[in-house]
Amino acid sequence: MDKLILGQYIPGDSFIHRMDPRSKLISAVWFIVLIFMASTWWTYGMLVAVVLFATVLSSIPLKFYLNSLKPLAFLLLITVVFQLMFSQGETVLFELGWVSITQEGLINAVKIILRFVLIVIMSTILTLTTTPLEIADGIESLLKPLKKLKVPVQEIALILSISLRFVPTLMQETEKIMNAQRARGVDFSSGSLIQRMKKVVPLLIPLFISSIDRADQLAVAMTARGYRGGDSRTKLRQLTWTKLDTTVMLVFLALTFGLGIGRYLF
Amino acid sequence: MEIQFKNVNYTYQPDTPFENKVLHDINFTIEHGSYTAIVGHTGSGKSTLLQHLNALKVPTTGSVWLGDYEVNASKKQKALNDIRKEVGVVFQFPEAQLFEETIGKDIAFGPQNFGATEEEALRLAREILPVVGLDESFMDKSPFDLSGGQMRRVAIAGVLVMKPSVLVLDEPTAGLDPKGQLEMMDLFNRLHEEEGITIILVTHQMEDVGKYADNMIVLDAGRVVDQGAPKQVFKNQKWLQSIQLDVPQTVEFANLLAEKKQWEVERLPMTLTELADGIVRRLEAEKQVNGHG
Ligand SMILES: Nc1ncnc2c1ncn2[C@@H]1O[C@H](COP(=O)(O)OP(=O)(O)OP(=O)(O)O)[C@@H](O)[C@H]1O
Ligand SMILES: [Mg+2]
């Protein structure tokens with residue numbers, strides 16, 4: 001349980017921590033779009049520089065970013081192997097039976113790794129420097145225009161923040177129940193696939209029951225405190241867009257122009 | 001089986017910004033057949049310590065000896081099932097562990113994991129029900145139709161059915177009604193006295209400590225700050241209060257009598273009977289003095 005880093009906020013007071021969650025969300029999405037615009041090596045170089053700069057600005061040890069890549073290493077490996085084996089090209093570097101590795105294949109593989117790593121690190125910057133609740137608030141605020149189309153934005157946001165709020169609780173609960181069943185002789189880490197699936201039953205049923213109980217209690221508690229949805233609700237946590245956020249947006253705008261112009265010129 | 005902690009430290013999420021050192025240099029020995037109470041303010045690390053008693057947690061540094069099996073960080077853990085069969089743990093609010101369709105099957109879950117056949121396990125389950133104060137008619141009921149107190153009993157039965165020689169209890173009576181609490185504590189005491197089971201009890205109920213335990217370990221902020229016989233530990237009421245702990249009401253009463261009325265009755269009565277006896281003795285002594293004078 002202790003190793004899960006995705007969605008693990010690390011407190012701090014860096015530039016990135018201080019950014020408005022909305023501008024962080026926009027930046028992350030924008031950056032992903034930019035990655036797919038990149039084509040030449042110098043454009044990749046620029047994006048790598050942006051990510052490196054952002055990780056430094058976040059003042060979070062590099063170790064955490066590397067950790068976030070670990071669970072995806074296998075996926076990455078498979079993609080690269082496929083890319084190497086099945087892409088066509090003219091300059092053959094290496095041949096073995098029906099497999100031939102071409103220079104084009106190799107270049108494509110490196111580019112895929114780069115894109116992948118950049119995307120993961122950028123989203124990790126977002127999740128490491130922003131609390132889940134801030135992210136939920138940010139999403140709510142960004143989705144607000146959809147209200148005109150009768151999308152229940154507030155309800156969606158409520159569902160989102162309640163779910164996020166209960167992720168750690170659920171993990172604690174899971175650990176507790178796992179411990180209790182281990183004490184009754186269950187070894188969750190051994191056995192064939194089918195055996196292991198069977199072992200999940202004594203874990204899932206108590207989790208289900210306690211989650212339903214908890215949802216019930218939460219509903220009662222919210223009703224008792226007079227919760228009503230709708231526009232009249234005010235916010236405890238106000239989002240504030242500062243100069244810093246505007247600056248970041250301008251930087252991204254400049255980057256986009258740079259990359260766009262680069263595409264035509266080279 | 002004797003249990004020994006040697007320089008045990010435990011840290012949650014080490015090497016992260018969330019690093020949380022919860023146990024500091026813990027040393028103690030729990031003798032075979034003893035009744036040990038572990039007390040401490042909330043958050044002092046009791047539940048964390050308990051999880052070391054059946055190798056659910058491995059000390060970050062130091063080692064835990066369970067009989068002649070050593071648990072430490074540098075060793076690959078094997079034979080854990082032998083340990084877990086020997087040391088039964090009832091966690092805080094154990095009713096959360098119930099999952100089977102029927103109470104019988106739920107209780108039989110443990111023995112089956114330790115190699116009993118289904119038939120044998122169900123027989124054991126049937127036998128254990130009356131021990132926790134439920135009759136056989138409960139075998140085929142759903143555990144989720146029970147009251148909280150009854151669920152607690154079923155969960156405890158699910159641990160007792162494995163016939164552990166060490167029984168570890170994390171606040172087993174929290175949230176039960178007074179009668180239920182008394183019945184539970186009596187049950188554990190019976191197991192201790194009649195079957196010689198080693199009991200390790202975490203509790204906030206100092207009366208229970210005084211009444212049942214022969215050994216006591218006091219935790220404060222993850223350190224063992226005192227250990228010994230309850231009669232010894234309870235001598236220092238002021239100090240215990242300074243770490244948010246209490247003495248049994250009987251001790252407090254006797255201390256008040258001594259302080260307010262200069263009445264020296266039995267100084268550390270662990271039970272109501274001891275207190276009453278002390279007061280009777282004191283009254284009789286006074287009568288004799290008065291009678292002569
Ligand atoms: N899974 C965990 N991850 C990180 N910290 C934890 C975890 N579980 C407990 N802690 C911390 O360890 C400390 C000791 O917790 P523990 O549950 O052992 O206390 P306790 O003495 O059993 O308290 P209580 O009397 O309330 O049951 C607490 O400060 C708690 O915040
Ligand atoms: Mg506890």
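Residues are numbered from 1 along each chain as its sequence is written, and chains are lettered from A and ligands numbered from 1 in the order in which they are written. In this predicted model, local features need pLDDT of at least 70, side-chain atom pairs count only at pLDDT 80 or more, and totals for chains, interfaces and linings use all residues, while side-chain values use heavy atoms, with hydrogens and water left out.

Me: Why is L96(A) called exposed?
Reply: Exposed means over 50% relative accessible area, buried under 20%, and partly exposed in between, with a 1.4 Å probe and protein chains only. L96(A) has 60% relative accessibility and therefore counts as exposed; this residue is found in strand β1 of chain A, where a strand is a DSSP run of E with at least two residues and a helix a run of H or I with at least four, numbered from the N terminus.

Me: Why are S47(B) and Q92(B) called partly exposed?
Reply: The relative accessible area is 25% for S47(B), which is therefore partly exposed, and 32% for Q92(B), which is therefore partly exposed as well.

Me: How do you know that α5(B) is largely enclosed by the rest of the structure?
Reply: Of its 13 residues, 10 are buried, so α5(B) is largely enclosed; among the buried residues are M151(B), V154(B) and L160(B). What covers the buried residues includes β6, α3, α4 (118-128), β7 (166-170) and α6 (178-195) of chain B, contact meaning heavy atoms within 4.5 Å.

Me: What makes the span of helix α5 (residues 148-160) of chain B close to the expected one?
Reply: The expected span is 1.5 Å times one less than the number of residues, and this helix of 13 residues reaches 18 Å from its first C-alpha to its last, close to the 18 Å expected.
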